[in-house]
Amino acid sequence: MSLWITLAVNSIALGGLLFLLSAGFSLIFGLMRIPNLMHGSFFMLGAFLGVTLLDRRVDMNFWLAALLSGMITAVIAGLIERFLLRRLEGQVLPQVLLTLGFAFIIADVCLMIWTGDPWQPPTPPHLRGAVQVAGLYFPLYRLVIVAVAVVVAIALWIMVDWTRLGAMIRAGVDDAPMARVIGIKVSRLFTLVFALGGALAAFAGVMGAPYLSVYPGLDFEMLPLALMVVILGGSGSLLGALVGSFVIGFLYNFGQAMFPDLAYVILFLPMLLVLVLRPQGLFGRPL
Amino acid sequence: MTQSTAVRWGVVAGASVVLLTLPWWLGNAYYINVTSQILIFAILALALNVLVGYAGLVSLGHAGLFAIAGYTAALLLQAGYGHVAAALAAIAVTIVASAVFGVLALRATGIGFLMITLAIGQIIWGVAYRWQSLTNGDNGVNVSTRPQPFGLSLSKADAFYLATLVVFALAIGTMAVFVRSPFGASVRGTRDQERRMNALGYNVWLIRFFVILISGFWTGIAGLLFVYYNQFISPQVAALTTSAEALLMVISGGTATLLGPIVGAAIVVIMKNIVSAYIVRWNMVLGIIFVLIITFMPEGLVPGAVRLSRWGWRGVRTGRKEVLAEAVGERK
């Protein structure tokens, strides 16, 4: 019995992490139509930066480290968007190659700096231990991940649906030339969205580091998960990303526990079903 | 026009002679093996080019199909089946896998297609990596012998090279026929004017599906040759890097040309062999080349060079204005 509960808690925690990762991916993909294949790399880069910032020699506060890592990655993402990706607006193939090229470069830079060994920063002291709920013990850190994901989800939802900034972003997506005519700086907004997506991915990386550990290859392990979340949930939909993340989180953990050999095939099934029955995803617009 | 056709056939004949006699020129088994690799990856790049260049569908999952053929053959050989059975089964399994791949990926076009193929490719990698009881995981599968078609031994580098060359010639021949055929024209039609093709009564979905099968078939052949060449296969073959390299070959050489993917394959394989001899950072070099090509030569090397040489050639004789007018006229 307790095995199932542990699995369920792990699944929810992974779901929370996946949401932090794929919310940015979904926004970039759904709003800007850019297939950002370096999103997993942002996650890994953020996690590695977190490893350094949380190291004994620096010993930064955990939340400060996560934010700083997110900001550094946001700057990198913003620069790539501003100087390279923007010139390729609307050209899918070049965008794919450029982001893939950077994914390889980032992977190799990380390998050079942080070597090929896995790193696992310690769980921050104030988040260790377990919480007792209804006679059962839950590891505190996993619950914190979920809480953070929920807070970020609400913040993003408010930003996109209820603020002036969100309205301008949506206007830029729906009809960029018209939005420009009425004075919205669409290009600047897109840079902002891209940087925000990178920041969220890196933040997720730091959050996930004490739990998943960080190693080379993590980037291309997370990227397909984010892809599947977006295919499941539908591109550009935050609600879709949320639901998709938890579905994938559960399938991944339960699949690995029950059928370790076939974990990847099990992940594949819901994607297959959604593609056949509802190609635009559960909550999305057509791809 | 007849003159240029003659020139073209002359070049083809010259290239065939050079390729056929290459083992005697190179002498060293290492270089012959590198050439075999180039030919194998050229087949893969040509197969991918059918999809990327002519049908306008960008796949990042071809390493998966490539690996499925290799794994099927390797596992059947290990289980004690003969070479003929293993090879036929490998091709059959790859075609079935391509059909599934096509049905799923064709739910979308453009970015959606690419995302789905990427996800499928990563899943195939995941299966190869994690399904230890079937694929032996990261340790890979060994293949003890190469096949002996018509009783000829392929264990030596030059013999294997010549056999690969025969398959390569078949591949490029069928591709040339495919490109010039009415079917090839309809494929290009679905790439450029999907709606008009639909209105003209073509079944766009079915045409794309057939293209995926053709592409999958040749990808499987390349995968089969690759496993015979290395006599070993591991999940690394199915990794995204392989798909990305294949795409780089197609795009750096020039999409929708016959020569482009071959040139691209040669460049990538040679660079990979040379670079990995001096530094370990092949992935970084690969990434940098991607970024540079996209920024400075988005059309690829072969079309770029053809354009430059044509301009240079005629420019000397007739001056630039007429060339421009002619280029515009050609486009109409």
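A residue is termed buried under 20% relative accessible area, exposed over 50% and partly exposed in between, with a 1.4 Å probe and protein chains only. By this criterion Thr94(B) is buried, its relative accessible area being 1%. The model is a predicted one, in which local features need pLDDT of at least 70 and side-chain atom pairs count only at pLDDT 80 or more, whereas totals for chains, interfaces and linings use all residues. Residues are numbered from 1 along each chain as its sequence is written, chains are lettered from A and ligands numbered from 1 in the order in which they are written, and side-chain values use heavy atoms, with hydrogens and water left out.

Chain B contains 15 helices and two strands, where helices (H or I, at least four residues) and strands (E, at least two) are DSSP runs numbered from the N terminus. Its radius of gyration, taken over C-alpha atoms, is 21 Å, close to the 20 Å that the globule rule gives for 332 residues, so chain B is as compact as a globular protein of that length. The globule rule is 2.2 Å times the number of residues to the power 0.38. The C-alpha trace of chain B spans about 65 × 50 × 40 Å along its principal axes. Of the 332 residues in this chain, 50% count as buried. With contact defined as heavy atoms within 4.5 Å, residues 24 or more positions apart account for 76% of the chain B contacts with a separation of 6 or more. The chain exposes about 15700 Å², of which carbon and sulfur atoms supply 66%; accessible areas come from the Shrake-Rupley method with a 1.4 Å probe, and for residues only the protein chains shown count as cover.

Thr94(B) lies in helix α4 (residues 83-105). Apart from neighbours within four places in sequence, Thr94(B) is in contact with Leu65(B), Ile68(B), Ala69(B), Gly216(B) and Gly220(B). The C-alpha atoms of Thr94(B) and Phe217(B) are 6.8 Å apart, although 123 residues separate them in sequence. Gly56(B), by contrast, is partly exposed at 34% relative accessibility and is placed in the loop between α2 (29-54) and α3 (62-78) of chain B. Its contacts, again leaving aside neighbours within four places in sequence, are with Leu51(B) and Arg191(B). Gly56(B) and Arg208(B) are 152 residues apart in sequence, with 9.6 Å between their C-alpha atoms.

At the interface, 44 residues of chain A are in contact with 38 residues of chain B. The two chains bury about 3800 Å² between them, 81% of it on carbon and sulfur atoms; buried area is the accessible area (1.4 Å probe) that two parts lose on being put together, summed over both. Leu97(A), Phe104(A) and Tyr264(A) supply 18% of the area that chain A buries against chain B, more than any other three residues.

Backbone geometry was also examined in chain A. Most residues other than glycine have a negative phi. Arg33(A), however, has a positive phi, near 60 degrees. This residue is found in the loop between α1 (2-32) and α2 (39-53) of chain A and is partly exposed, with a relative accessible area of 34%. Thr115(A) likewise has a positive phi, near 55 degrees. Thr115(A) is placed in the loop between α4 (92-114) and β1 (130-133) of chain A, and its 37% relative accessibility counts as partly exposed.
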